[in-house]
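Hi,

Here is the structure I promised to pass on. Have a look at it first, and then read on for what turned up.

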Amino acid sequence: MRIADKFEKNKTVFSLEVFPPKKFEDDINVIYETLEQLTDINPDYISVTYSAGGSGNTDNCGKIASMIKGIHNVEAVAHLTCLTNSFADIDDAITKFKGYGVENILALRGDINPTVSAKKDFTYASDLVTYIRKNYPEMGVAGACYPEVHSEAESELQDILNLKKKVDAGTDFLISQLFFDNEIFYRFMEKVRIAGINVPVEAGIMPVTSARQILRMVDMCGASLPRKFSMMIQKYGNDPIAMRDAGIAYAVNQIVDLIANGVDGIHLYTMNNPYVATKIFESIRTLL
Ligand code: FAD
């Protein structure tokens, strides 16, 4: 099923994201248990990240997506990056995904990695969207978007115009980078709609459960930290249980506000932590 068909008026799509464990074969039981607990939530879909830069985990991404669909009966989205892949690599990856029963792809460029050379076939995610639309028209295609502007973009306006190109190439729906300040997301959505981007946009929510994790995340994606968020880290950062519970409460507050403001969907970055994802889901399930 194409995920795009799940977006309906008066319903908020609720999706989860997981990543393949580093030592896939060793941790197969761990990921199996994680998926079992996450699929109890019965999300609209679960997406599986893809490690860019030639670490060769397309197959692990596909295997996990296949477990999600085949064993747990939940729709799966496989992430796929294109910068370090050729047309033939992409054909190979998509053929494998299809063999695993995957019907939806999150089409990404991938980060520029100085240690892994880019190949020449794709420059932007929109090139991958065009390629999938032309060669695999049966696949659903999602794309990424950045409420706080992508780090390489010339300007906010240019980033939104580039996003429009990606959507016009055939992206069905968008998933946002994580953010901690909903006002930033609302301002972004106003500009997106003014630009004529009319596909559904899911808000990416990352529950912060440790002070160390947040510092790494902010470094990676540059999310702004509102004062109330920084105060929470300051007060509970050294107490792991209190930090976890405060992080869950913060994410729940963000989600309640987003749903009340009519967001199309919530995409929860689970960090493979079913306890946290389940606690959040239990608090908001009746609002969806
Ligand atoms: P693009 O849409 O290509 O944009 C990249 C930059 O190029 C932007 O600055 C944009 O403004 C600019 N641009 C786009 N089109 C044009 C154009 N036509 N002309 C000029 N400039 C243009 N990374 C992974 O490695 N694996 C994952 O599984 C993964 N999952 C992710 C999931 C989500 C929800 C998000 C938000 C990000 C994810 N990423 C992942 C990170 C992503 O690969 C990086 O953020 C990457 O730097 C940009 O990818 P993109 O697909 O958004 O690129």
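Strand 8 (residues 265-269) is mostly covered, with five of its five residues buried. Buried here means under 20% relative accessible area, while exposed means over 50% and partly exposed is in between (1.4 Å probe, protein chains only). Helices (H or I, at least four residues) and strands (E, at least two) are DSSP runs, numbered from the N terminus. Before going further: this is a predicted model, where local features need pLDDT of at least 70 and side-chain atom pairs count only at pLDDT 80 or more, while totals for chains, interfaces and linings use all residues. Residues are numbered from 1 along each chain as its sequence is written, and side-chain values use heavy atoms, with hydrogens and water left out.

Back to strand 8. In a regular strand the side chains alternate between the two faces of the sheet. Gly265, His267 and Tyr269 point one way from strand 8, Ile266 and Leu268 point the other way, and all are buried. What does strand 8 pair with? Strand 1 (residues 13-18) runs parallel to strand 8 and is joined to it by five bridges, and strand 7 also pairs with strand 8 in the parallel sense, over four bridges.

Strand 6 (residues 173-178) pairs with strand 5 in the parallel sense over four bridges, with Ala142 opposite Phe173.

Now the ligand. Which residues come nearest to it? Of the 24 residues around the ligand, those are Tyr50, Asp111, Tyr146, Asp159 and Lys166; a residue is near a molecule if one of its heavy atoms lies within 4 Å of it. A polar backbone atom of Arg109 is 2.8 Å from a ligand oxygen atom, and one of Gly110 is 3.2 Å from a ligand oxygen atom. From Asp159, a polar side-chain atom lies 2.6 Å from an oxygen atom of the ligand. The protein covers 86% of the 990 Å² of accessible area that the ligand has on its own (Shrake-Rupley method with a 1.4 Å probe; for residues, only the protein chains shown count as cover). Strand 3 (76-81), strand 4, helix 5 and strand 6 each give two or more residues to the shell, and helix 5 gives the most, with four.

Thr171 lies in the loop between helix 5 and strand 6 and is buried, with a relative accessible area of 4%. The side chain of Thr171 reaches the backbone oxygen of Lys166 at 2.7 Å. Ala76, in strand 3, is buried at 0%, and its C-alpha atom is 8.9 Å from that of Gly101, 25 residues apart along the chain.

Two asparagines are worth a look. Asn42 has a positive phi of about 55° although it is not a glycine; Asn42 is in the loop between helix 1 (28-39) and strand 2 (45-48), and is exposed at 59% relative accessibility. Asn73 has a positive phi of about 60°, again without being a glycine, and lies in the loop between helix 2 (58-70) and strand 3, where it counts as exposed at 68%.

Cheers

How values were computed
Two strands pair if DSSP finds at least two bridges between them. A polar contact is a pair of N or O atoms within 3.5 Å; within protein, one must be able to donate a hydrogen and the other to accept it, and residues adjacent in sequence count only if both atoms are side-chain atoms.
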